[in-house]
Amino acid sequence: MWTEKYRPHSLIDIVDQEQIVNRLKSFVKAQNVPHCIFAGPPGTGKTTAALCLARDLYGPSYRDYVMELNASDERGINVVRETVKTFARTKFIGEVSFKVLILDEADNMTGDAQQALRRTMERYTETARFILIANYSGKIIEPIQSRCAPFRFTYLPREHAVNWIKRITDNEGLTIKDDGLEAILEISGGDLRRVTNILQTAASIGQPIDEETVYSVVGRANPADVQEMLLTALSGDFVEARKKLRDMLLKYGLAGTDIIGQIHSETFRLSIPDKWKVKLAEVIGEADFRLLQGSNEEIQLSALLAKLVEAGAEIKRG
Amino acid sequence: MFVPWTIKYKPKTLAEVVGNQIAKDKILKWVHEWDRKPPKKRALFIYGSPGIGKTVVAEVLANDLGMELVQSNASNYRTAEAVQKFAGTASHYSTLFGKKRLILFDELDGITGTADRGGLRVITDIVKTTGSPIILTANNVYEPRFSTLREHCQLVEFKKLARTDIEAYLKKICSQEGVEAEADALRLVAERASGDLRSAVNDLQALAQGKKQLAYDDVSWLSTRDRKEAIFKVLSDIFYAGNVWDARRAVDAADIDPDMLLEWIYENVPHQVKDPKELAATMEMLASADMYRGRIRATQNWTLMRYFIDFMTAGVAISWNHRTSGWVPFRFPTRIMTMSHSKAQREMMTVIGLKIGKRCHISSNQAAKDVVPYLRIIFQTNETMKNGLSRWFDFDEDMVNYLSTKK
């Protein structure tokens, strides 16, 4: 997978996020790392920075000193109480006196788990440092935030993304047309993981990579199209919209919270009166909250679709 | 497109109409009397309980004899004026091309005293003088208001159908739908219908549509229908409840798992509630019910159960204005079927997601969302990349197949 093949291995290789990288380099130099929060949108290098930091710190056998956990897959309090604690408390003697625990998608941790984590971080600071990675630092509880050094990642500037694409195409011996490159940049909106996945998939279809290839890749990659589902509901066909939703959840295995995120951003792009956008935002927010509380994904989301049916009918009436 | 099986498998000829042989013979004899001159009784009054083929008989008769069927049912206005307009001329002249007419006044029980004022009187007048055969149907011919009309009609009773006849009919449908049904299952459905073929076919469709097999276990809950009130009855009591109390009580009367009941209601809401505003309101009630269910699960506080039930019963009942026009059959919750069918798929997705996540430093959810769609395209278009990536991710054969098949 090219996302891994071209993932930088050392802080030196990271071309962007200069200020952040400089600070991280200074940690390596001092052989000391505070607890950190890396926050920012997807595909901006948060995980890469954490892995590079670890590698620079410990050398090639860094895996022995680093534990990588993904909070989305292991989000409960038990993981913190058992896995994390066991890892954190064992001392080891070496040049660097602490281990690093990378907690990816930490904003998906339950409140309980975060509370438990807070004590663990404090108690085992001697032996373990935590790097929490999240899209929004706001979703991480205050007491943890106050114990961490915050790093704010931002979308890559355009020229860096262009360089990134050029680097891959040169190395893989691919030809890409200007319109193809533009299309990738536009669709991925600064998310390098997305850029790379689209590029690799386009390359698997054929060359040269042009606008058409890129759009066909993106079209095929999103068969479960949230926008289409919303439009179906707006047009009044609730049963069909519900079927599309069910396919997303059951056939394509998408998570309800992911779908709701997409619904949220798509809603603001719909050509409906602003009044309705705000009204719907309230309904979406409520559904989102209920999902976090453990409500049923399909029922909550289809109630949302029914609201869109209502919106569609009212708008038609004028 | 949903086609009710009651329509799809409606008989096309008189011979195909199940049961009631004596009645059918009587009708044939009567209609052939018309070949010479109008018989003494110019109308046939077919009566009997619902769902046994009264209307169908008139339809297939017209079809068999190449006549044009002119019909009016409870959905039409049947005031004196309307009836005159509809049947007055039709009863005296043949069609433009000399085709004979058969006039059908269906569902006469549905004639109301106020809205259809004078309708019955005009029908009686037409019956006395008609030049075309007329068939009337009703559930109960002995209602006082039919007394005059009755005198001018030949009465034909349609009896409830035998269980074995219904069973045979269901069997025929199953074989045409490609459903392999256990004999016990069909027997139960037939038995339960107590002579009403239409409801048996509706039940069968709700249970078996889209399935390859129908086992006794799939239908066994029907057997509780008579004792404890069936799910269809409960649904109807909830959707069409006159007040919140009735709706709420429908659940207490039934012996149904509330989770299962929610599935039934959830499936049927959009088919019953068509108005957009009401649909949104009804779905919101279900979402609230579901929210309480979530809270019960999270807190194990079972006293919250009553709110869960309030919202899905009383909440649904008051959220829409149940007009009685057109009965829509209730359906079997498809979500449960879909969930069990796609369970293997979802498990596969999770395993693949975890594998990808491990190598790409992301969660399985994120892998399903951000990586799998692209992998699918690659696996379906580029053999070399597919092989390389399969090795790199350490996918087994099943996973590779899963990603390589189009869907």
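Is the crossing of H7(A) and H9(A) left-handed or right-handed? Let's start there, keeping in mind that this is a predicted model. The two helices of chain A make a right-handed crossing. The axis of helix H7 (residues 158-172) comes within 11 Å of the axis of H9(A), and the two cross at roughly 30°. On the H7(A) side, the contact is made by Ala161(A), Trp164(A), Ile165(A), Ile168(A) and Glu172(A). H9(A) answers with Leu192(A), Val195(A), Leu199(A) and Ala203(A). Sort these residues by class and you get eight nonpolar, no polar and one charged.

Most peptide bonds are trans.

Next, have a look at the sheet of chain A. Five strands form an open sheet, in the order S2-S3-S4-S1-S5, and the pairing is parallel. Why do two of these strands each have a side without a neighbour in the sheet? Strand S2 (66-70) and strand S5 (149-152) stand at the edges, each with a single partner strand, so one side of each is left without a neighbour. Ignoring direction, neighbouring strands of this sheet are turned by 15° against each other on average. To see one pairing up close, pick S5(A) and strand S1 (residues 36-39), which pair in the parallel sense over four bridges. Cys36(A), for instance, has Ala149(A) in S5(A) as its bridge partner.

Now over to chain B, where a couple of backbone angles are worth a stop. Most residues other than glycine have a negative phi. Glu107(B), however, has a positive phi, near 50°. You'll find Glu107(B) in the loop between strand S3 (101-105) and helix H5 (119-129) of chain B. Is Glu107(B) buried or exposed? Glu107(B) counts as buried because 20 other C-beta atoms lie within 10 Å. Ser194(B) also has a positive phi, this one near 35°. Its loop runs between helix H8 (183-192) and helix H9 (197-208) of chain B. Ser194(B) has 15 C-beta neighbours inside 10 Å, so this serine counts as partly exposed.

So how do the chains meet? Between them, 46 residues of chain B are in contact with 45 residues of chain A. On the chain B side, the helices that each supply at least two residues include helix H14 (258-272), helix H17 (334-341) and helix H20 (383-393). H15(B) gives the most to this side, with 14 residues. By class, the side of chain B that touches chain A has 23 nonpolar, twelve polar and eleven charged residues.

Finally, the nonpolar cores. The largest has 103 residues, and those with the most contacts inside it come from both chains: Ala233(A), Leu305(A), Ile238(B), Ile265(B), Leu286(B) and Met312(B). Take Leu305(A) as an example: leaving out residues up to four places away in sequence, Leu305(A) touches Ala233(A), Phe238(A), Ala241(A), Arg242(A) and Leu245(A). There is also a second, separate core of 62 residues, which includes Ala58(B), Val60(B), Leu120(B) and Phe158(B).

Conventions. Residues are numbered from 1 along each chain as its sequence is written. Chains are lettered from A and ligands numbered from 1 in the order in which they are written. This is a predicted model: local features need pLDDT of at least 70, side-chain atom pairs count only at pLDDT 80 or more; totals for chains, interfaces and linings use all residues. A residue is buried if 20 or more other C-beta atoms lie within 10 Å of its own, exposed if 12 or fewer, and partly exposed in between; C-beta atoms are placed from the backbone. Two strands pair if DSSP finds at least two bridges between them. Axes are lines fitted to C-alpha atoms, for helices over the stretch in contact, and angles run from 0 to 180 degrees between N-to-C directions. Two residues are in contact if their C-beta atoms, placed from the backbone, lie within 7 Å. Ala, Val, Leu, Ile, Met, Phe, Trp, Tyr, Cys and Pro count as nonpolar, Asp, Glu, Lys and Arg as charged, and the others, Gly among them, as polar. A crossing is left-handed if the near helix is turned anticlockwise from the far one by less than a right angle, and right-handed if clockwise. A nonpolar core is a set of buried Ala, Val, Leu, Ile, Met, Phe, Trp, Tyr and Cys residues joined through C-beta atoms within 7 Å.
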